[in-house]
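Me: Can you walk me through this one? Keep it short and give me the cut-offs as we go.

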Amino acid sequence: MAPLADLYQLTMAYGHWRAGRHRVPAAAELFFRRGPFGGALALAAGLAEGLRGLRAFRFSAADVAYLRSVLPSTTEDAFFDYLATLDASEVTVSAMPEGSVVFARVPFLQVKGPLLVVQLLETTLLCLVNYASLVATNAARFRLLAGPDMKLMEIGLRRAQGPDGALSASKYSYIGGFDYTSNILAGKLYGIPVCGTIAHSFIMSFTSLEEVRPRELSPLAGGEPVDLPGLAERWLQRVCELLRTPPEKANQGELAAFVSYAATFPRDFQGLLDTYCVRRSGLPNFCAVALALHQLGYRAIGVRLDSGDLAQQSKEIRRVLRACGAHFQVPWFETIPIAVSNDISEQSLEEFSREGSEINVIGVGTNLVTCPLQPSLGCVYKLVEVNGSPCLKLTEDEEKMTIPGTKTIYRLYDAAGHPFMDLMALEEEPSPSVGQELAVRVLGRLGETSKVVPTTVEPLHRTYFRDGQVCEPLPSLPEVRSHAQASLNLLSPAHRRLHQPQPYPVAVSERLHGLLTELRQASQ
């Protein structure tokens, strides 16, 4: 597979090759500079896809022929011959486990290898990690707002940026904490649970009960088939009498659609209530069909709303379901799940919580998969060492200054088990000791020394790729999802909150700070 690369990576590669520097050992790091969505954290995602790209990294004969057509005609033939021999067999990648919480300036992953190859991998890795981590983080924010018990469904296929974006959104939303996707291709490819019911178009396509086929449904326990439309009509009279609403106000086409769907899926009947009037039509029709199914031994699995004041309507629906359950002595009726959709955003979830809604399932599409609050995570990939010498990008903007040298990354925990600081130290430095005071320099206030005492010290990176092969077992998608939720749950509430979180300190060791100072002074 040809690498996903920008043209300037090939022109730089040619420059390195002509200078005889292409096999010089180098190291680069991938990280982001600022927390997304105004928060403090992100979820690291896309690692498995990145490793797959490394295994497949090579230039085919067709790739080389194309590059001959776009690089300057003065490019030597021997360079193209060299490209045809390239692979990632001399590359080593260490990274955080996929699904880990990561903070600004802390490397997701580190790449070591020949300078030319390390630079050629830049855009490939950025492309595979940037959106994956962004949408996983966006999904995690929805999960944090919804709480652990709410069911979340990703429904963004038709709104995503093309089929590739849609598949990635389904996969990484699941990692971020969503329970289901409506995308059946994502379900097939990744094993994500799929979920879905009916649309307004199905209900609008019916006008009367005469259109219902088949009309009969056998009881679950066996026995003679029953005319389901007739049974539903009789139940509608009883429901409307209880609710004190005229049965003639219940739309007959909607009732027909519900009966048709219930006859086809008696164990999976869910009603979409807002095609017409929820109170006078959708809800009475649903209750009538659900009670008819109950009489035959089946249970409806839920209702859905797609418009209006969702929180207020959910409370009214729950009141009716409880009334029907009590009056008709059907206890499970009171707990029928209520699902909602309709351009759901973070603000929607905050409103649901504030108003004390009765919602059990939330479908999120556009505001999940397109990440409108922040369209890019802004990851960067920077060289930190070439030929054994640390290198530094120096700028007046401290946020854009790189941290030189190959490093080991540690997460420090307090006595309550919460991480309180991430620490970058030079690779050759000894690991921080548990229970011993440590002098560090926090990014953003490098001029002062801070003293910390960690209760637990966790090295964050593992080596995942060496000698052209993945060398660490990769977890399944559900395992990555579980790791993401566990990582989020370890954070203190102050660091985890979505609005105005307490800044999470990222620090460098005194030795690394000394190297940084030395290189800055040498560059002035």
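Reply: Here is a quick tour, from overall build to local details.

Reply: This is a predicted model, where local features need pLDDT of at least 70, side-chain atom pairs count only at pLDDT 80 or more, and totals for chains, interfaces and linings use all residues. Residues are numbered from 1 along each chain as its sequence is written, and side-chain values use heavy atoms, with hydrogens and water left out.

Me: How many helices and strands are in the protein chain?
Reply: The chain has 18 helices and 23 strands. These are DSSP runs, numbered from the N terminus: helices are H or I with at least four residues, strands are E with at least two.

Me: And what does the C-alpha trace span along its principal axes?
Reply: About 85 × 60 × 40 Å.

Me: What share of the residues is buried?
Reply: Of the 524 residues, 54% are buried. Buried is under 20% relative accessible area, exposed is over 50%, and partly exposed is in between (1.4 Å probe, protein chains only).

Me: Which residues touch the most other members of the largest nonpolar core?
Reply: Phe108, Leu109, Phe286, Phe333 and Ile362, in a core of 152 residues. Helix H6 (residues 122-146) gives the largest share, 11 residues. A core here is a set of buried Ala, Val, Leu, Ile, Met, Phe, Trp, Tyr and Cys residues joined through side-chain atoms within 4.5 Å.

Me: Which nonpolar residues form a patch on the surface?
Reply: Leu7, Tyr66 and Val70 do, with about 300 Å² of accessible area together. Areas come from the Shrake-Rupley method with a 1.4 Å probe; for residues, only the protein chains shown count as cover. Patch members have over 30% relative accessible area and no salt bridge; nonpolar side chains (Val, Leu, Ile, Met, Phe, Trp, Tyr) are joined within 5 Å, like charges within 9 Å. Val70 sits in helix H3 (residues 61-70) and is partly exposed at 34%.

Me: What does the UniProt annotation say about residues 5-130?
Reply: The unreviewed UniProt entry labels them "domain: Nicotinate phosphoribosyltransferase N-terminal". Positions follow the numbering used here, feature names are shortened, and annotations may be inferred rather than shown by experiment. In the model, that span is 42% helix and 18% strand, with its end C-alpha atoms 15 Å apart.

Me: Switching to charges. How many salt bridges are there in the whole structure?
Reply: The search finds 20. The test is a side-chain nitrogen of Lys or Arg within 4 Å of a carboxyl oxygen of Asp or Glu.

Me: Where do Arg215 and Asp227 sit?
Reply: They form a salt bridge, with the closest N and O atoms 3.6 Å apart. Arg215 is in the loop between helix H9 (200-204) and strand E8 (216-217), and Asp227 is in strand E9 (residues 226-227), 12 residues apart. Arg215 is partly exposed at 26%, and Asp227 is partly exposed at 31%.

Me: What about Lys451 and Glu437?
Reply: Their side chains meet in a salt bridge, 3.9 Å from N to O. Lys451 is in strand E19 (residues 450-452), while Glu437 is in the loop between strand E17 (419-426) and strand E18 (438-442). Lys451 is exposed at 54%, and Glu437 is exposed at 56%. Elsewhere, shared partners join Glu49, Arg52 and Lys171 into one salt-bridge network.

Me: Backbone now. Which peptide bond is cis?
Reply: The one from Arg213 to Pro214, with omega near -10°. Pro214 lies in the loop between H9 and E8.

Me: What phi does Arg105 have?
Reply: A positive one, about 80°, although Arg105 is not a glycine. Most residues other than glycine have a negative phi, and most peptide bonds are trans. Arg105 lies in the loop between strand E4 (101-103) and strand E5 (109-114).

Me: Is Arg105 buried or exposed?
Reply: Buried, at 11% relative accessibility. Asp343 also has a positive phi, about 55°, but Asp343 is exposed at 55%.
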